Amino acid sequence: MCTPNGRPDVPKVHKTTAENNGRPKVYSALCALQLRAFIDAAEDVDVDPDTIEDLLEGLEDEDEEEEIQESDLDEDLDSETLALPAHEQDSTIEKSGDLNNLEMETEVIERLKREADGAWSKEETRKMMHHLKERGTSSFVREYVITQNIPIVKLLFAFGISLCPELRNKQPQTMLYFLRVAMSKELHLREKLPQYNTVSDAVSLIQASKRVVVLTGAGISVSCGIPDFRSHNGLYATLKEQGIYDLDDPQQMFDIHYFRENPAVFYSFASQIYPSNFIPSPCHRFIKAIEDRGKLLRNYTQNIDTLETLTGISRVLQCHGSFATATCIQCRRHVPGTEIEKDIMEHRVPFCTVCIEAKKEAEEVRQAAFKKKAKKRGRKEWEEGSDEEEEAIPVGVMKPDITFFGEKLADDFEHALEDDRDKVDLLIVIGTSLKVSPVSEILSHLPHSVPQILINKTPVRHINPDIVLLGNADDIVQHLCEQLSWELPPPLEKRLEVPSLARPAKRTSGEMMDKTEPIRVAKSHVWLFEGAEGGKWVRDIEERFSEGNAESASHTMQARVLKEGREAKKSRTS
């Protein structure tokens with residue numbers, strides 16, 4: 001069965017909650033345990049505010065809701081517990097000491113265990129997991145949720161997740177979030193390919209590969225003077241700290257609903273990220289070097305600065321759009337981005353000239369008709385409009401064709417992924433925290449047998465790449481080019497220089513590479529370049545791989561990759 005909007009219906013379950021002063025009683029231990037896990041998972045799986053609100057609905061009081069939000073539960077109850085079978089959840093809950101009625105809770109858990117044990121055979125589960133890992137999350141949802149119409153509660157059993165009764169009646173979008181968390185956890189357990197570990201291995205992979213996919217984010221443009229979004233000194237943190245814009249949340253700056261209500265806020269800020277003042281970085285030129293040698297299958301960029309185009313990269317997909325074009329939100333007129341550039345740089349809201357002209361003509365027609373009518377009634381001109389309210393004719397605001405929160409990505413994105421999945425032979429991820437879906441799901445869409453190289457300033461804890469190169473991305477790609485005997489191509493043309501205050505204060509890449517060599521973390525696949533930030537994650541890697549059993553450490557890392565995501569949350573908020 002499906003809901004009227006086409007989403008899979010959530011099956012009704014036997015009510016196991018008791019009434020408590022007219023409100024449903026929550027089985028605090030089991031429900032809080034799973035809520036905690038799903039809320040923690042939002043660090044790595046994109047979730048909208050409505051889903052979070054739906055998750056927290058039904059808690060007995062505001063204090064309990066705050067307890068979940070502040071993660072005050074026992075530190076042992078992390079997101080790994082989410083996937084425990086029901087009987088293991090039972091023992092974990094007993095340790096938490098939060099049960100009001102242990103006997104009733106145990107009965108519920110035993111019922112969940114019986115239900116889970118009978119849901120799928122081992123062969124059915126193996127087939128489903130193979131489909132997920134080889135064909136990706138979108139294909140999995142299409143096949144099992146839409147085509148086979150299997151209830152999400154039952155699908156979750158295949159992932160070892162037995163939802164407590166309170167969570168089974170959540171909204172359809174929340175149920176889909178539960179499934180995305182389960183799929184994400186499974187896909188993040190990708191086994192590292194053991195034959196690739198060193199910088200030399202990375203160089204050999206680049207040399208041998210013929211169809212490279214490069215996935216890039218804001219980190220490759222930071223050295224150009226364009227801030228990233230999510231770091232401790234990134235765009236969102238700066239917007240929050242300055243507090244000069246009328247925003248409840250910094251992400252509202254790129255929310256389509258907020259833009260429609262108050263476009264002036266976006267245009268008071270847009271000049272700071274408009275690409276007219278920036279020059280491509282060595283990272284952009286590295287991708288161009290890959291393409292010049294016929295090795296680039298596609299560059300998926302999350303950036304809106306069009307610096308890839310300025311570099312001359314042709315096989316690029318701007319997943320989140322760009323400032324290159326703009327569209328009227330009223331009449332959908334499409335224009336080159338240069339048409340609104342002056343307004344952007346002068347902090348004005350650009351209006352659609354076609355809509356303005358249409359409004360002017362409509363007002364002239366209306367005025368003429370009104371005068372004619374007033375004359376026939378013998379009214380004076382100054383009385384016009386005294387008895388009737390004129391209906392305002394809307395004038396369209398021009399919006400750059402960048403994808404705001406709340407907007408769907410262009411179909412080109414999904415089509416490109418379908419085309420590339422069976423062709424790619426190497427994935428290089430540069431300068432992104434992989435936080436925003438659906439671009440963040442590219443890694444889960446690709447077969448696990450494709451080698452993965454991560455180049456980033458900080459670890460991305462919820463993935464398991466084969467080689468991790470941490471540090472300033474520009475320095476890393478220049479080091480790789482030296483090892484490859486490649487020269488970085490120049491940009492196609494020069495733009496205006498970035499003001500000195502906008503550039504990060506640091507030495508040039510050439511100055512640093514003369515003095516600094518990458519450092520390997522123990523015998524691991526992790527290498528530290530200038531500017532690397534890893535903290536406890538790097539120390540844990542060093543400890544595990546220093547014990548002399550690299551293979552065992554590799555398996556340990558795979559098993560703990562989701563738990564590291566929780567550490568990422570702490571490091572980003574500290």
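1. Strand 8, residues 398-402, is mostly covered: 4 of its 5 residues are buried. Buried means under 20% relative accessible area, exposed means over 50%, and partly exposed lies in between (1.4 Å probe, protein chains only). Strands (E, at least two residues) and helices (H or I, at least four) are DSSP runs, numbered from the N terminus.

2. A word on the source. This is a predicted model, in which local features need pLDDT of at least 70 and side-chain atom pairs count only at pLDDT 80 or more, while totals for chains, interfaces and linings use all residues. Residues are numbered from 1 along each chain as its sequence is written, and side-chain values use heavy atoms, with hydrogens and water left out.

3. Which strand pairs with strand 8? Two strands pair if DSSP finds at least two bridges between them. Thr327 has Lys399 of strand 8 as its bridge partner. Gly321 has Ile402 of strand 8.

4. Next, a helix pair. Helix 13 (residues 282-292) packs with helix 19 (residues 473-484) at an angle of about 35°, and their axes are 8 Å apart. Axes are lines fitted to C-alpha atoms, for helices over the stretch in contact; angles run from 0 to 180 degrees between N-to-C directions. The contact (heavy atoms within 4.5 Å) is made by Pro282, Cys283 and Phe286 of helix 13 and by Ala473, Asp474, Val477, Gln478, Leu480 and Cys481 of helix 19. By class, the contact has 7 nonpolar, 1 polar and 1 charged residues. Ala, Val, Leu, Ile, Met, Phe, Trp, Tyr, Cys and Pro count as nonpolar, Asp, Glu, Lys and Arg as charged, and the others, Gly among them, as polar.

5. Finally, the protein as a whole. Its secondary structure comes to 23 helices and 13 strands. Of its 574 residues, 51% are buried. Take contacts between residues at least 6 apart in sequence: 73% join residues at least 24 apart.
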